[in-house]
Amino acid sequence: MTELAAVKAALKTQAVETPSWAYGNSGTRFKVFAQAGVPRDPFEKLDDAAKVHEFTGVAPTVALHIPWDKVEDYAALAEHAKARGVRIGAINSNTFQDDDYRLGSICHPDAAVREKAVGHLLECVDIMDATGSRDLKLWFADGTNYPGQDDVRSRQDRLAEGLAEVYERLGEGQRMLLEYKLFEPAFYTTDVPDWGTAYAHCLKLGDKAQVVVDTGHHAPGTNIEFIVATLLREGKLGGFDFNSRFYADDDLMVGAADPFQLFRIMYEVVRGGGFTSDVAFMLDQCHNIEAKIPAIIRSVMNVQEATAKALLVDAEALAAAQASGDVLGANAVLMDAYASDVRPLLHEVRQEMGLAPDPMAAYRECGWAEKVVAERVGGQQAGWGA
């Protein structure tokens, strides 16, 4: 197989998971903006997600958020997904939208609140069983706002205890993916603030516990690709939540703010074998002012382009330059790959997969947007909290 053929083959196996909540209404802290044709329930979210997969060919799974995507029959929801050509992906828990969680969830000082939070996480594992989902994704808003508000060490003990109980409930082939975030909504301490804290807990829990890297959850200037390389080296990178940030956790379209960073991350993924392992490539985005489905299609395409460029890095030339101390030469190898226009290559890949070469144009021409605007009239649109 030629080098170019190998790159094409790799791109054809790529899978990017889209988030159910990205198909619903979202907004700022001040206003949630409604759009015509937005799904009214998880079934319609899956219908939209199926369109993204139809035109990109690499978005076969859809992450759910509980209770936003709560239904009476999860097996029926999974069957609906299958009938549309997609599958249920990660189950995302929610321990931040209940009044009881004002002081935390599984780190809360009150044992009754901790029990409630753990119960919700165990319910999410039940949903995994019913839908065939592999991953339970955990993000905790737990933290404190003021020095002395709570005991920092005790909160870590509570976190470890709660995670251990949920970990023991996981079935064969299921995983726990622990996400971290620098700050927000807590402003003095956050109970899982960085990759080191997440890694320490996952290491103690065992092989089924992995770390999730959300690209918007770091301090400005953080070398995210170093974190990716380290977690891959340790066998603890479970997945990504891809988005872009300008200031904090902006949840903008991946590759919109710094496409070079996305390329650097994907190079480390390719270099570390993550592209052919169980690393989950997920989107975590909110499309406040742009149309939902086109924004998600563009995000998937941005991941594809960064991946294609990463696969085009001349590994032998790079290793030779690094070994000889050729600083500029080594940097040039990376920059040459990044400067490559991979759009014609991806057009070929899509055509070989039986897809339209330009997913954005194909979606615009298919009439789906006009169809859902006409049909999805009445009822309550999905959005933050629903």
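Visitor: On what basis are the features reported?

Guide: This is a predicted model, in which local features need pLDDT of at least 70 and side-chain atom pairs count only at pLDDT 80 or more, while totals for chains, interfaces and linings use all residues. Residues are numbered from 1 along each chain as its sequence is written, and side-chain values use heavy atoms, with hydrogens and water left out.

Visitor: In what order do the eight strands close into a barrel?

Guide: Strands (E, at least two residues) and helices (H or I, at least four) are DSSP runs numbered from the N terminus, and two strands pair if DSSP finds at least two bridges between them. Here the barrel order is E1-E4-E5-E6-E8-E10-E11-E12, with parallel pairing. From one strand to the next, the twist averages 30°, an angle (0 to 180 degrees) between N-to-C directions of axes fitted to C-alpha atoms.

Visitor: Which residues stand opposite one another in these pairs?

Guide: E5 (residues 87-92) and E6 (residues 135-138) pair over two bridges, and Ile91 stands opposite Leu136 in E6. Four bridges join E6 to E8, where Leu138 faces Leu178. E8 (residues 175-179) is paired with E10 over four bridges; Glu179 has Val212 as its bridge partner in E10. E10 and E11 (residues 237-242) also pair over four bridges, with Val213 opposite Phe240.

Visitor: How is the handedness of a crossover read?

Guide: With the strands pointing away from the viewer, a crossover is right-handed if the path from the first strand over the helix to the second runs clockwise. E5, helix H4 (residues 111-131) and E6 make such a right-handed β-α-β unit, and so do E10, helix H7 (residues 224-233) and E11.

Visitor: Are the faces of E10 covered or exposed?

Guide: In a regular strand the side chains alternate between the two faces of the sheet. Buried means under 20% relative accessible area, exposed over 50%, and partly exposed in between (1.4 Å probe, protein chains only). In E10 (residues 209-214), six of six residues are buried: Ala209, Val211 and Val213 lie on one side, and Gln210, Val212 and Asp214 on the other. Both faces of E6 are covered as well, with Asp135 and Lys137 on one side and Leu136 and Leu138 on the other.

Visitor: Why does Phe183 count as partly exposed?

Guide: Phe183, in the loop between E8 and E9 (189-190), counts as partly exposed because its relative accessibility is 32%.
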